[in-house]
Amino acid sequence: MDILFLLIPFSVLLVFALMAAFLWALQTSQFDDLDREGTRILGDDDPDLDVDQASPGALARHSSSP
Amino acid sequence: MATLPLTLAPPTATPSGADGEAAIADDPELQAGFTSWERAGDGRRVGRSHLRLAGLWCAGCAGTIERALQAEPGVLEANASYAAQRATVVWDPAATRVSSLLATIRRAGYDAAPDAAASARALRQAEERKALWRLFVAVFCMMQVMMYQAPLYVAEPGTLSPDLRTLLLWAAWVLSIPVVLFSAAPMFRDAWEAMRQRRIGMDLPVAIGILITFVVSTGATFAPGGLFGAEPYFDSLTMFVAFLLGGRYLALKARHRVAASLEGALSRLPSAVRRLASDDRVELIGLHRLVPGDRVRVLAGESFPADGPLESAAEVDEALLTGESRPVAKRPGDEAIAGSFNLAGPVVQRVERVGPDTRYAGIVSLMRTAMSARPPLLRAADRIAAPFLWGVLLLAVWAGAAWSMIDPTRAVWVMVSVLVVTCPCALSLAAPSALLAAAGALIRRGVLVQRFDALEGLAALDTICFDKTGTITEACPQVLLAELQPAGRDAGLDEAGVRAIAALLATSSTHPLSAALAAQAPALPAPITFTHVAEFPGFGVQAIGSDNRVYRLGAAGWATRGGAETVATAGPETWLAGPDGALARFAFAEVLRADAPQTMAQLAGAGLELRLLSGDAADRVHDVARRLGIAEAQGDATPADKLDTIAALQADGRRVGMVGDGLNDAPVMARADVSFAIGEGPALTRSHADFVLLSGRLGDIAEARRIAQRAMRIVRQNMAWAVAYNLTCVPLALLGLFPPWAAGLGMAASSLFVVLNALRVDRRPRSPRHPAAEAAAA
C-alpha cells in the first residue's frame with residue numbers, strides 16, 4: 001500500500017483545487033439565482049445555423065463581444 | 001378647486017414619455033445612484049448598472065430579457081434574476097445609454113427602472129456569498145477529513161502501519177486548518193466581541209469547544225502518547241463546524257429574505273414624475289424636484305409620488321397600508337398617498353406633502369425603527385442565556401476533571417460534547433423568533449408593531465377601552481350644519497363667515513373634527529385673522545383675533561365658558577365662541593366605522609370587557625355604546641378622567657388596552673398596558689402607540705390579538721423544547737454517550753426547530769372564520 005504515500009498528499013492538493021473551482025463559480029454569480037440556472041436549459045437560445053456565413057451581423061458580433 | 005374635463009387634453013410640445021424619462025436615466029448625477037464605473041479587459045471605461053425589472057412572470061422571462069439586452073450593441077454583459085426581479089448590465093458608454101437599455105427591455109415586453117436600492121442589496125449579496133463560501137469549505141473539508149479518519153475507525157488493530165496512520169492524520173490536520181481558521185472565524189469573532197463587552201454570548205461555549213478539540217487533536221497527531229493523548233477528533237471538529245454553519249447560513253438567508261421583501265414593499269415611489277405646468281403642459285422631472293402645490297399626472301399602473309388630493313375619480317391600490325390589493329375608489333378631492341398605485345386611468349393629483357412628510361416616509365421610518373429594535377430583545381435573550389452558559393462551562397470543566405480520573409482518554413471528548421450539545425440558542429431564540437414572525441405577519445395585514453414586548457401584553461389583555469371620535473367613528477365626519485348663534489348675528493357674521501373662521505382655527509388643530517372643519521375650503525377669506533394659536537387637547541383651540549380678543553373653537557362647555565351646553569343631537573358638535581359669547585354651533589354627521597359592530601362582537605365573544613371612553617356628550621356616548629353592544633360607556637371624559645378610569649381598572653388587577661387616534665389620547669395610551677393607534681393622516685405615523693393600525697380597520701385588533709396569542713403559545717412550546725432538549729442531552733453527554741459530531745448536529749437541529757416552529761405563527765386556520773371557531777382557536 002505504498003502508493004498511498006503518493007495518493008494521499010495528492011488528494012489534499014486536489015481538495016484545494018476543487019475549493020478554488022467553487023470559489024470561482026461563486027464569484028462569477030453562478031449561485032445567486034439557482035432557479036434561473038435550473039431553467040436555463042429550457043431556453044431556446046441556439047442561434048440559427050448560418051451555414052454559408054452570409055449574414056453580415058455574425059462577423060461584427062463576434063469581433064465586438066469579449 | 002378647478003375641475004378638469006374628464007378627457008384630459010393631450011400634452012402639447014412636450015417630450016414624449018420615453019424621452020423625458022431618458023433625460024433622468026442618463027443624468028450623470030442621478031446615474032451615480034445605480035451605476036458604477038469600471039475598466040473592461042481592454043481598458044475601456046464601462047458602466048455597470050443595476051436595474052429594477054417588472055412584469056416577469058416566470059423564471060424564463062429573465063432569460064428573455066438577458067437575450068434582448070445582449071443583442072443590443074454596446075452591451076457587454078447582461079444578467080437578469082427572476083427571483084430578485086433585478087438586472088445588472090455592463091455597457092459601453094460610447095455605444096449605448098441607459099435609456100436605450102430601458103427601451104430594449106420595454107420592447108421585449110417588460111418594464112425596467114433604475115434601481116436605487118442597489119447598494120443595500122449588493123451588501124446583502126456579498127454577505128450571502130461569504131457565508132456560502134465558508135459553509136462550502138466546512139462541508140467539503142468535513143467529507144474529506146472523515147474519509148481520512150475512517151481507516152482509523154475500521155482498521156483491525158495492527159493492520160494499519162504507524163507511518164500510514166500518521167500520514168492520514170497529517171492530511172486530516174491540513175484540511176481542518178481552513179475549517180478552524182476560516183469557516184469558524186465568525187464564531188470566534190462573536191465570542192471575542194461578547195467577552196470584550198464582558199458578557200457571555202452563545203458563541204463562547206462553541207468557540208471554546210472548537211479550540212480545545214483542535215489543540216488536542218493536533219497534539220495527538222504530532223506527539224502521540226504525549227500530553228494530549230492519542231485520539232484525534234478532526235472528523236468531529238469539522239462536522240460540528242459544518243452543521244453549525246449550516247444553521248447560521250439558513251438563518252442569514254431568512255433574514256435577508258425579510259429585508260429584501262421589506263425593501264420591495266417600500267421602494268414604490270417613481271423616479272420620474274409628470275408635472276403639469278400652469279398651462280397644462282407636461283414636463284418630466286425627477287421626484288426630488290417636486291414641491292407642494294405642484295400638480296402631477298399619474299398614469300394607470302404608476303404609483304403616486306406624493307400625498308395629495310385627486311382632481312378626478314380614480315381607483316387606487318393601497319396595499320402599502322392595508323395589505324389588501326382590492327381597489328379603493330377615490331372621489332374627486334379624496335387624498336391619495338405616496339406609494340399607492342393608480343389602477344384605472346390617468347388622474348391628476350395636487351401635491352400637498354412630499355418626501356419626508358409623506359405618510360409613506362413615516363411608515364418607512366417606523367418600520368426601520370421597529371426592525372432595528374431587535375437588539376434590545378436579543379440582549380434580553382442573552383441575559384437569560386448568561387447564567388445558563390456559565391452553568392454549562394462549569395459543568396464541562398467538572399466533567400473533564402471527573403473523567404480524567406475515570407478514563408483520561410475520554411475526558412476531552414466528553415468536555416467538548418457537553419460544551420457543544422447544550423443549546424442556549426434554542427432558549428435565546430425561543431421568544432424572539434416567535435415575536436418577530438408575529439410582527440411580520442401583522443405588518444402584512446397592515447398593523448405596525450412598534451414595541452415587540454407589547455405582543456406579550458396583547459395576548460394577556462382582558463379589557464379594552466375605546467375612544468369614540470376618530471376611533472370607532474370614521475376619522476373625517478361631514479359638517480352637517482353651521483348654526484349661527486345670536487352673538488354671531490350681532491357681530492355681523494353670516495354662515496359663510498363663521499365657517500371661514502372655524503376653518504382657519506381648525507387648521508391648527510389635530511382633532512378629527514377639525515379636519516372636517518378645515519376641509520370646508522370657504523370661498524371667501526375669514527373676516528378675522530388670528531395669532532397666538534394654542535391647542536388644548538380634549539377641549540379645543542384658542543387664539544387671539546385681529547381685534548385683540550380671545551376666540552375659542554371646541555367643546556361646548558369650554559369654548560363658551562359655560563354659556564352653552566351640548567344639545568342632544570345625532571352626532572358630535574363643536575362650538576365657535578368669541579369674546580361676546582357663542583358665535584356658531586357646528587354639528588357633524590357621525591358615521592361608525594363599517595366593521596365596528598362586528599369587531600365589538602368578536603372581542604366580546606373572545607371574553608374581553610369593552611369600554612367606551614369619550615370626551616363627547618354622555619348621552620351620545622351611551623347611544624353609540626348601545627348600538628355597538630358595549631356594556632360600559634363613559635361620556636364627558638376629560639383626558640384626566642380617562643387616565644383615572646384606566647388606573648382604576650389596572651388597580652383592580654386587569655390588563656387594559658387602549659384604542660385611540662394616537663395624538664389626542666397620548667398620555668392615556670401611554671398609561672394603558674397595550675395601546676393601539678388608528679386613524680388617517682400623517683399624524684398617525686408620529687404616534688407612540690404600541691400598535692399602529694395602518695389599515696384603518698378595527699377588525700385588525702381582534703386579528704392582532706389572535707396572532708399574539710398564537711405567538712405566545714409558540715414561545716411556550718419553544719421554551720419547553722429547549723428545556724427538554726437540554727435536560728435530555730446534557731446528562732447523556734456527561735455520561736460520555738454523546739459523541740461531539742452528534743452534539744454539533746443536535747445543537748443545529750434544535751435551533752432550526754425553534755425557528756421553524758416560530759414560522760407557524762402566520763398559518764391561517766383552514767376552516768372558514770366565524771366567531772365560534774375563532775373563540776375555540778384562540
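## Where the chains meet

Two residues count as in contact if their C-beta atoms, placed from the backbone, lie within 7 Å. This is a predicted model, and by that criterion the contact between the chains takes 22 residues from chain A and 26 residues from chain B.

On the side of chain A that touches chain B, the elements giving two or more residues are helix H1 (4-27) and helix H2 (34-39) of chain A. H1(A) supplies the largest share of that side, with nine residues.

## Chain B as a whole

Turning to chain B, you will find 27 helices and 27 strands there. Chain B has 778 residues, of which 44% count as buried. For contacts in chain B between residues at least 6 apart in sequence, 66% join residues at least 24 apart.

## A four-stranded sheet in chain B

Four strands of chain B make up an open, antiparallel sheet, and their order is E7-E6-E8-E14. Strand E7 (282-286) and strand E14 (347-350) of chain B are the edge strands, each pairing on one side only. From one strand to the next, the twist averages 40°.

Inside this sheet, strand E6 (residues 272-276) of chain B pairs with strand E8 (residues 295-298) of chain B in the antiparallel sense, over three bridges.

Methods
Residues numbered from 1 in each chain as written. Chains lettered and ligands numbered in written order. Predicted model: local features only at pLDDT ≥ 70, side-chain atom pairs only at ≥ 80, totals over all residues. Pairing = 2+ DSSP bridges. Axes fitted to C-alpha atoms, helices over the stretch in contact; angles between N-to-C directions. Buried ≥ 20, exposed ≤ 12 C-beta atoms within 10 Å, placed from the backbone.
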